Amino acid sequence: MSHRALLLAPLLAAVLAAAACGGDDKPVVKYPTAVGDAGVEPGTTVSTDTGAQVGVTDGPNAHSDLEGAAKDAYDRGFKAWMNGDLPGAKAAFKEATDKDSKAAPAYYSLGCVLERLGDNAGAQQAYRQAYSAKSDYELAMGGYALNLARTGHGGEADTFLQDKKNKFPQSARIANYLAEVKSLAKDSAGAQQLAGEALRIDPNFKDAMVTIARDHHRAGRAELASYALRAILDGFGQGTPARDPDNAEAHLLRGLIERDAGLRIAALKDFEAARAKRPDLVEAAIQIGAMKLEAGNAQEAQPILESAVRFAPQQPLAHLNLGDCYRLLTRYADAKKELDTALSLDSTLSAAHYDMGLMYLFAPSFPGMSASDQVAAALRELNTYRQMRGPKAPPGVSDDIDELITRATQKQKDMNMAAAPPASAAPAASGAKPDAGKAK
């Protein structure tokens, strides 16, 4: 496994987005759906491997309560979101709530966008407004609880959902959200029990099937996770067909398992299937971009990673990989900006120091730096990486750090010697003639 692949293994931090249904009096908005245009379950959630909601996939009547100006603003918000325009989506969803203070879907979608922009307090407030406007709005309850769990308030999330479960005992969705919170808290037994309960309430509830697979994956049970994903994506023959072959989350999970097993071609295929279904599923885009970088295809990785940064500006790994991409494309100032951003979002990202060390060491020149400053910066970044990494590279990682530091040190010595003034000639002995002893 490469250095970058190992660092991507614990992917990904909380990222969220918005979703909707319907259209306006111009072109009809095309909302993604879980199983195609027909027979769609309204309000099916889509999540990353860390449980972060990406948004919802909605059936044709999921938001039939939105009308007029509020619906027009909502549709504009969704269009902006699907283009990666988060500020535009935020403004439009806020406008929808201004037009209709009871528009629960608009509050929920606004919460998703705010969370992805890093405003967790604002996101939680928007989720609360959504389920206050509509007391049975389960999507907002789940969004609120999962945000609590991901921001260090797992106990509060658990208590909140237990209360909602008591009020809605036949809700498969609430049971599944609680399963997700249990899984994030590493209570795998509790997560599996609750996801199983959700399926007993509704045997066709696909979110619970994905939760079962995701919990197995988190717990390191790759074989069980793969078995559950096969039931969703492939089925087991004519008698047991695939339950949801286009499920973006299932493709993402299977891709992560395949990547860890070294099955790169299969993993890339699943990541691309996930991204094709949900371009806002940033984890898939980051994985695709990273794999293309590892294969030396920085040109192909660039638009994918730029899209990931637009959709998730607070995601450090998106900035890390885009910075490395720009480094390989010799866009050094842009590379430094992205790598600095990655470190500002997550100071533990040792790979950012490694990438900057490579950039300073091998770039022919760096804007605003002398050659000596550049090699000094390379040594500083490479030594920082080695210190953060520890005395030995993790199993399966080959980073050549000692060789790189040796090379940078020698380069610095050579530059210092070249810059040193030449030694003065020794003065002649008193009374001696410089040409004495020469043949005449």
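The following conversation concerns a predicted model of a protein chain.

Colleague: To begin with, how many helices and strands does the protein chain have?

Modeller: The chain of this predicted model has 20 helices and 2 strands.

Colleague: And what share of the 440 residues is buried?

Modeller: Buried residues account for 52% of the 440 residues.

Colleague: Which percentage of the contacts with a separation of 6 or more links residues 24 or more positions apart?

Modeller: That percentage is 60% for the protein chain.

Colleague: Let us turn to helix pairs. At what angle do the axes of H3 and H4 cross?

Modeller: The axes of H3, residues 86-99, and H4, residues 104-116, cross at roughly 150° and come within 9 Å. That angle makes H3 roughly antiparallel to H4, because angles over 145 degrees are counted in that class.

Colleague: Is their crossing left-handed or right-handed?

Modeller: H3 and H4 cross in a left-handed manner.

Colleague: Which residues make the contact?

Modeller: From H3 they are Leu 86, Ala 89, Lys 90, Phe 93, Lys 94, Ala 96 and Thr 97. H4 contributes Ala 106, Tyr 107, Ser 109, Leu 110, Val 113, Leu 114 and Arg 116. By class, the contact of H3 with H4 has 9 nonpolar, 2 polar and 3 charged residues.

Colleague: Now H12 and H13. How are their axes placed?

Modeller: The axes of H12 (residues 248-260) and H13 (residues 264-277) come within 8 Å, with a crossing angle of roughly 160°. H12 and H13 are therefore roughly antiparallel to each other, and H12 passes H13 in a left-handed crossing.

Colleague: Which residues meet there?

Modeller: On the H12 side are Ala 248, His 251, Leu 252, Arg 254, Gly 255, Leu 256, Glu 258 and Arg 259. They meet Ala 266, Ala 267, Asp 270, Phe 271, Ala 273, Ala 274 and Lys 277 of H13.

Colleague: And how do the residues of that contact of H12 with H13 divide by class?

Modeller: There are 8 nonpolar, 2 polar and 5 charged residues in the contact of H12 with H13.

Colleague: Then H15 and H16: what is the crossing angle of their axes?

Modeller: For H15 (residues 298-311) and H16 (residues 316-328) the angle is roughly 150°, and the axes come within 9 Å. H15 and H16 are therefore roughly antiparallel to each other. Their crossing is left-handed.

Colleague: What makes the contact on each side?

Modeller: In H15 it is Ala 298, Ala 301, Gln 302, Leu 305, Glu 306, Ala 308 and Val 309. In H16 it is Ala 318, His 319, Asn 321, Leu 322, Cys 325, Tyr 326 and Leu 328. The contact of H15 with H16 divides into 10 nonpolar, 3 polar and 1 charged.

Colleague: Staying with H15, is Ile 304 buried or exposed?

Modeller: Ile 304, which is in helix H15, counts as buried at 11% relative accessibility, because the cut-off for buried is under 20%.

Colleague: What is Ile 304 in contact with, leaving aside its neighbours within four places in sequence?

Modeller: The contacts of Ile 304 beyond those neighbours are Arg 275, Ala 285, Ile 288, Gly 289 and Lys 292. Ala 285 is 19 residues from Ile 304 along the chain, and their C-alpha atoms are separated by 6.1 Å.

Colleague: Where is His 216?

Modeller: His 216 is in helix H10, residues 206-218, and counts as buried at 11% relative accessibility. Apart from neighbours within four places in sequence, it is in contact with Gln 192, Arg 221, Leu 224 and Ala 225.

Colleague: One last topic, backbone angles. What is phi of Lys 186?

Modeller: Phi of Lys 186 is near 70°, a positive value in a residue other than glycine. Lys 186 sits in the loop between helix H8 (172-184) and helix H9 (188-201). Its relative accessible area is 76%, and Lys 186 is exposed.

Colleague: And what is phi of Asp 400?

Modeller: For Asp 400, also a residue other than glycine, phi is positive and near 55°. Asp 400 lies in the loop between helix H19 (371-389) and helix H20 (401-419). With 44% relative accessibility, Asp 400 counts as partly exposed.

How values were computed
Residues numbered from 1 in each chain as written. Predicted model: local features only at pLDDT ≥ 70, side-chain atom pairs only at ≥ 80, totals over all residues. Heavy atoms only, no water. Axes fitted to C-alpha atoms, helices over the stretch in contact; angles between N-to-C directions. Helix = DSSP H or I, 4+ residues; strand = E, 2+ residues; numbered from the N terminus. Parallel < 35°, antiparallel > 145°, perpendicular 65-115°, else oblique. Left-handed = near helix turned anticlockwise from the far one by under 90°. Contact = heavy atoms within 4.5 Å. Nonpolar A, V, L, I, M, F, W, Y, C, P; charged D, E, K, R; others polar. Buried < 20%, exposed > 50% of the residue type's maximum accessible area, 1.4 Å probe, protein only.
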